[in-house]
Amino acid sequence: MTQKITLLFALTMALLLCLSCSEQREEVGTGRLRIVTTLFPLYDFTRAIAGEKAEVFLLLPPGMESHSFEPKPDDIIRINKSDLFIFTNRAMEPWAGDIISGLDSKKILVVDASRGVAFRHVQPGRGHGRDHGNGTDPHIWLDFGNAATMVDNILAGLVARDPKNRTHYTANATAYKALLNDLDQSYRQGLSTCERKLILHGGHFAFGYLADRYGLKYESAYAFSADAEPTPARIAALIGQMRSNGLRHIFTEELMEPRVARIIAQETGAGILKLHGAHNIGRDDLKAGASFLTLMEQNLRNLRIGLQCR
C-alpha cells in the first residue's frame with residue numbers, strides 16, 4: 001500500500017510539473033516521434049523498426065536490475081512528453097497501470113507489447129517476488145516467436161501514430177522478424193546435438209520460455225526476481241542436480257552478483273557461464289552497441305558449451 005501511495009504521489013507531482021508538456025513538445029520537436037520504452041528488448045526492437053524516424057528512450061538506467069526498478073518523477077515526466085509509451089506486460093511492470101491511467105490518451109499512445117502472447121504459468125513458489133505472485137512468467141521476449149509478436153505490436157503502434165511512414169516501419173519490422181527467424185533456426189540447430197538437456201541457472205527464473213521452445217529443462221536458484229536469497233536447501237538441491245546430471249557448467253546472469261553460482265561451482269568443480277536475460281544492459285555494453293540479437297547469439301554459444309553440444 002505504501003509503495004502504491006508513493007507511486008501515485010510521484011505521478012501527481014510529475015503531472016503538475018508537466019502542465020505545459022504539449023507546448024514543450026512543440027518547442028523541442030524534431031519532426032520525429034518521441035518514444036519511451038521500459039526494458040532493453042523493447043528499446044532495441046523499437047530502434048530497429050523506427051530507424052531515423054523516432055527518438056527512442058530506455059526508461060531503465062543502464063546497469064539497473066529491472067525487477068527492482070520503480071519510476072521516478074522525472075521518468076513520468078518523460079513519458080508524459082512522449083508520443084508512444086511501450087511496456088512489456090503488466091506482470092513485468094506492475095507499476096505501469098498507475099502511470100497509464102494518468103496519461104492523456106489523445107496525445108500518448110500506449111503499446112502493450114505482450115498483446116496476443118500466450119503466457120507461461122509456473123507452479124506456486126516460483127512467482128515473482130513482489131506483485132507477481134499469480135505465477136505469470138513475464139519474460140516473454142526469451143521465446144523468439146513471442147519476440148516477433150512484440151515486434152508486430154510495436155509496428156502497429158508506430159503506424160497508428162505516424163501513418164505516413166507506414167512503408168518505412170513495415171519494411172524494417174519485416175527485416176527484423178527475418179533476423180529473429182534466423183536466430184530461432186540457429187538455436188534449433190545448435191541445441192539439437194546437446195548431450196545435456198538441463199539448464200541450471202544461478203540467477204532468477206527467467207529462461208522458462210527459451211527452455212520450453214527448444215525442449216530443454218530449466219532450474220534456477222532464485223524465483224522470478226532476486227528479492228529473496230535462495231535457501232540452503234535450494235542450493236543443496238541444485239548441487240545435487242549438477243552432479244546427477246553430469247553438468248560441467250552453471251549459468252549466471254547479467255547485472256547480478258554471481259554469489260550463488262560461485263558457491264555451486266566451488267562445490268562441484270563446475271565452470272561459470274553467463275546467460276543474458278537482456279532485461280537491461282550495462283553502460284559499457286550500451287556504448288559498445290550491444291543488441292538483443294548479439295546478446296542472444298552469445299547465449300547460444302554459452303548454452304552449447306554448458307549443455308555439451310557436439
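Predicted model: local features only at pLDDT ≥ 70, side-chain atom pairs only at ≥ 80, totals over all residues.

Reader: What does the secondary structure of the chain come to?

Author: The chain holds 12 helices and 10 strands. Of its 310 residues, 53% are buried. Among contacts with a separation of 6 or more, 69% join residues 24 or more positions apart. The chain exposes about 13,800 Å², and carbon and sulfur atoms supply 52% of that area.

Reader: In which order do the strands of the open sheet lie?

Author: Strands of a sheet pair through backbone hydrogen bonds, either parallel or antiparallel. Here 4 strands form an open sheet in the order β2-β1-β3-β4, with parallel pairing. Strands β2 (54–58) and β4 (109–112) are at the edges with a single partner strand each, so one side of each has no neighbour in the sheet. From one strand to the next, the twist averages 20°.

Reader: Over how many bridges do β1 and β2 pair?

Author: Strand β1, residues 33–37, pairs with β2 in the parallel sense over 5 bridges. Within that pairing, Val 56 in β2 is the bridge partner of Ile 35. Helix α3 (residues 40–50) packs on the sheet and touches β1, β2 and β3 (84–87). The direction of α3 makes about 170° with that of β2.

Reader: Why is the pair of Phe 144 and Tyr 214 tilted?

Author: Planes over 60 degrees apart count as edge-to-face and those under 30 as stacked, while the rest are tilted. The planes of Phe 144 and Tyr 214 stand at 50°, with the ring centres 6.5 Å apart, so the pair is tilted. Phe 144 lies in helix α6 (residues 144–161) and Tyr 214 in the loop between α8 (208–213) and β8 (217–220), so the pair ties together parts that are 70 residues apart in sequence. Phe 144 has 2% relative accessibility and counts as buried; Tyr 214, at 10%, also counts as buried. One aromatic cluster is formed by Phe 45, Phe 144, Tyr 176, Tyr 187, Tyr 214 and Phe 292.

Reader: Which residue lies over the face of Phe 57, and which over that of Tyr 209?

Author: Arg 78 lies over the face of Phe 57, 4.2 Å from the ring centre. Over the face of Tyr 209 lies Arg 120, at 5.6 Å from the ring centre.

Reader: Is Val 151 buried or exposed?

Author: The cut-off for a buried residue is a relative accessible area under 20%. Val 151, which lies in helix α6, has a value of 0% and is therefore buried. Leaving aside neighbours within four places in sequence, its contacts are Phe 45, Ile 49, Ala 173, Tyr 176, Lys 177 and Leu 180. The C-alpha atoms of Val 151 and Phe 45 are separated by 6.4 Å, although the two residues are 106 residues apart along the chain.

Conventions. Residues numbered from 1 in each chain as written. Heavy atoms only, no water. Helix = DSSP H or I, 4+ residues; strand = E, 2+ residues; numbered from the N terminus. Buried < 20%, exposed > 50% of the residue type's maximum accessible area, 1.4 Å probe, protein only. Contact = heavy atoms within 4.5 Å. Areas by Shrake-Rupley, 256 points an atom, 1.4 Å probe, with all protein chains shown as cover. Pairing = 2+ DSSP bridges. Axes fitted to C-alpha atoms, helices over the stretch in contact; angles between N-to-C directions. Phe/Tyr/Trp six-rings, centres within 6.5 Å; stacked < 30°, edge-to-face > 60°. Lys NZ or Arg CZ within 6 Å of the ring centre and 35° of its normal.
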